[in-house]
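I set down here what I looked up in this entry, in the order in which I looked.

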Amino acid sequence: MAEETCPPATQDIALNLKNRKNAIDTAMYGPLNPAEPNEEYWTALGAEWGVDVETAKKQRCGNCAVFIQTPEMLSCIESGLTDNADEFDSINEAGELGYCEAFDFKCASARTCRAWVAGGPVLEEKEEDAVTAAGKRKISQTPAPKKDRIKGSSKNSKGSAAGGKKITFTPAIEASLRKKAQEHNEKAPKGRKTSVSTLKAVYRRGAGAYSVSHRPGMTRNGWAMARVNAFLRLLKSGKPANSAYKADNDLLPASHPKSSKKNASSRAITASALIPEEQALADALISITEKYGKFDQDGDGVWAGYTPAYENEVKDIGVKCSNCVFFQGPNGCQIISLEVEADGKCRFAVLPEGAVSGYDVPVRDEEDLELLLASAEAEAELSVELKKEEDYETPEQAILAMTEFAGLGYEAEPAFRAAWLRAVRNNENPFKRASVLAVMTYDSMDSDLLPKRKN
Ligand code: SF4
Ligand code: SF4
């Protein structure tokens, strides 16, 4: 396992300490010095597990099902070791280190916690299917007890886990997901970043899956956060720690090797006969829906303005879904969540040159563009310096460089995209118009596109 694909807590001491504290506080990870009798500790755990003290003393991290000691993991642990051992680390009697996959920290074989599960340690990586060849369930697939089988949510509507935007979370969970996204994005390369809304969708799925099955001793929040951690690890490393974990591949960016959107995205990205500006717009639309989910027809989110076939008065000249690069017949659209018809249309139609006869490809009005582009976010890190137009490989690169040059933060990036597209519509040079906005900011003719100034 290369260091960059190691679990973050094996390389980041502060994170490891934080996660260990969580295990101590919530699951009684301990005891501090396993060589001592610790009768009170073992009596309490024995009572929790319903076993006598002697049996409790045999249930240690070293034989826990989520204690990972694969050669790859041990090399991660070794590469992240430092001399800054604290009292927990400095007790030799605590035994060998392994990685606790339940709480995401380096734990010691002679300790334990209330979430202990029989079946470890894990000494080699296995290609496990959901159900083993012997027909046995994995420990993580233990059916949920009746009290944990909650159906539906009073806060979140059915289907909201498909994207993140309609989900309601407690402030603590929201803050935790926001921090995870931020920490991940700080180090993630281009194409491997994520958003809070995506992590919310993963969390929600994890919380729902808890009602079906989960590892004994885990809380719903812990189970859902573990799924978020697994998602971030997959996003960063390119492959899941458990090969059976595929359920969130639809939430990965299209450029990720495991993304289930890959084929759909490349269809639009490589659509022939698109002029560069339309191509850039198609790419931007895809990137927005990858972050926020498909556009809705209802008033919650971006309004797609879908017109059904019987109301589409311009279908005969070619303005229709079947000519649009996003159409996935017979009734699918890559960017709209509705069932569409071949002869329908919406305001986001991207139509290749020649698809429309006797009529210009419709121009989107300014209000529509701003509404659409207000959702865009920065995807890459580029030099702060502005170069010549020909030095940028794509409009996306140029727009991001302008955003960074302007120094107004990444929330200003949609303004540069919008200025670029305004110029395209007016047959002006889009690079120049967006560059003027980057240099003159609030004194530019496109200053209305920028975020409101903070007092
Ligand atoms: S879950 Fe298992 S490996 Fe993790 S701290 Fe508890 S006993 Fe140790
Ligand atoms: S016209 Fe609109 S609804 Fe139809 S395929 Fe294109 S984007 Fe989708």
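How many helices and strands are there in the protein chain? I count 14 helices and 5 strands, taking helices (H or I, at least four residues) and strands (E, at least two) as DSSP runs numbered from the N terminus.

**Conventions.** I note that this is a predicted model, in which local features need pLDDT of at least 70, side-chain atom pairs count only at pLDDT 80 or more, and totals for chains, interfaces and linings use all residues. Residues are numbered from 1 along each chain as its sequence is written, while chains are lettered from A and ligands numbered from 1 in the order in which they are written.

**Confidence.** I looked up pLDDT, the predictor's confidence in each residue, from 0 to 100. The protein chain averages 72, and 69% of the residues score at least 70. Where pLDDT is low, the predicted coordinates should not be read in detail.

**Whole chain.** Of the 455 residues in the protein chain, 36% are buried. I call a residue buried if 20 or more other C-beta atoms lie within 10 Å of its own, exposed if 12 or fewer, and partly exposed in between, with C-beta atoms placed from the backbone. Among contacts with a separation of 6 or more, 64% join residues 24 or more positions apart.

**The sheet.** I find an open sheet of 3 strands in the order β1-β2-β3, with antiparallel pairing; strands pair if DSSP finds at least two bridges between them. β1 and β3 are the edge strands, each pairing on one side only. β1 and β2 pair over 2 bridges, and F67 stands opposite C100 in β2. β2 and β3 are joined by 4 bridges, with L97 opposite A108 in β3. Their hairpin has 4 residues between the strands, and D104 takes a positive phi near 60° there. In β3, F105 and C107 point one way, K106 and A108 the other, and all are buried.

**Helix α5.** Which residues of helix α5 (residues 71–79) are buried? I find M73, C76 and I77. They lie on the same side of α5 because they cover an arc of only 95° around the axis, the arc being that of the directions from the helix axis to the C-beta atoms. P71 and E78 are exposed on the other side of α5. The buried residues of α5 pack against α1 (8–11), β1 (67–68), β2 (97–100) and β3 (105–108).

**Ligand surroundings.** I list as near a ligand any residue whose C-beta atom, placed from the backbone, lies within 6 Å of it. Around ligand 1 there are 14 residues, of which C61, C64, C100, C113 and W116 come nearest. The shell around ligand 1 has 13 nonpolar, 1 polar and no charged residues. Around ligand 2 there are also 14 residues, of which C321, C324, C333, C346 and A349 come nearest.

**T289.** I place T289 in helix α10 (residues 276–292). Why does T289 count as buried? T289 is buried because it has 24 C-beta neighbours inside 10 Å. Leaving aside neighbours within four places in sequence, T289 is in contact with K294, F295 and I335.

Methods. Ala, Val, Leu, Ile, Met, Phe, Trp, Tyr, Cys and Pro count as nonpolar, Asp, Glu, Lys and Arg as charged, and the others, Gly among them, as polar. Two residues are in contact if their C-beta atoms, placed from the backbone, lie within 7 Å.
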